[in-house]
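Subject: Structure handover

Hi,

Here is the structure I promised to pass on.

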Amino acid sequence: MINAFMSLKFHDGEEDKIKIDKLTEALLKAGIKNTVMARDVEKYGEATLPKGKKLMIDYAFPAMKASDMIIIEFSEKGVGLGIGAGYCYANNVPIYVIAKTGSDISLTMENLATKVIFYNDYNDITKAFLKIVKQYKK
């Protein structure tokens, strides 16, 4: 199983929890286990970080660096997504950008990405990553 860090622009609410669940399920079908800060560390707003700890520096960056790849859901842009992509690029972690068909991918993100994958539904993500996993060399 490949380990991926997955980032996305997260908004509190049931809709984004469902999106994370559906993306996770699509990736698992392709042989990829993911880590998502909103779900795994922040517990969807229920967890409190220990005093003096910072989400990006103390949790996200180490998880990114330890991952086989980062998957960035970029249908909606966010500063944190760009920071994570830059960090992964600097640390030689392959960057896969996924976005709903028709989304605007910035030239900067496109240049950092190992591959940009557009999707209409979650099955498109599974199909794309099944091909990537077959070619993936650890």
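First, the ground rules. This is a predicted model, where local features need pLDDT of at least 70, side-chain atom pairs count only at pLDDT 80 or more, and totals for chains, interfaces and linings use all residues. Numbering starts from 1 along each chain as its sequence is written, and side-chain values use heavy atoms, with hydrogens and water left out.

Let's start with strand E4, residues 95-100 (helices are DSSP runs of H or I with at least four residues, strands are runs of E with at least two, both numbered from the N terminus). Five of its six residues are buried, so E4 is largely enclosed by the rest of the structure; buried means under 20% relative accessible area, exposed over 50%, and partly exposed in between, with a 1.4 Å probe and protein chains only.

Of the 18 residues lining it, Ser7, Leu8, Met37, Met56 and Leu81 are the closest to its centre. Strand E1 (2-8), H2, helix H3 (55-66) and H4 each supply at least two lining residues. For the method: on a 1 Å grid over the protein atoms alone, a pocket is an open set of points where a 1.4 Å probe fits, with protein on both sides within 12 Å along at least five of seven lines, and lining residues have an atom within 4 Å of a point.

Arg39 sits in helix H2 (residues 37-40) and counts as buried at 17% relative accessibility. Its side chain makes a polar contact with that of Thr24 at 2.9 Å (N or O atoms within 3.5 Å, one able to donate a hydrogen and the other to accept it; residues adjacent in sequence count only if both atoms are side-chain atoms).

Lys43, in the loop between H2 and H3, has a positive phi of about 50° although it is not a glycine. Asn92, in the loop between H4 and E4, has a phi near 60° and is exposed at 72%.

Cheers
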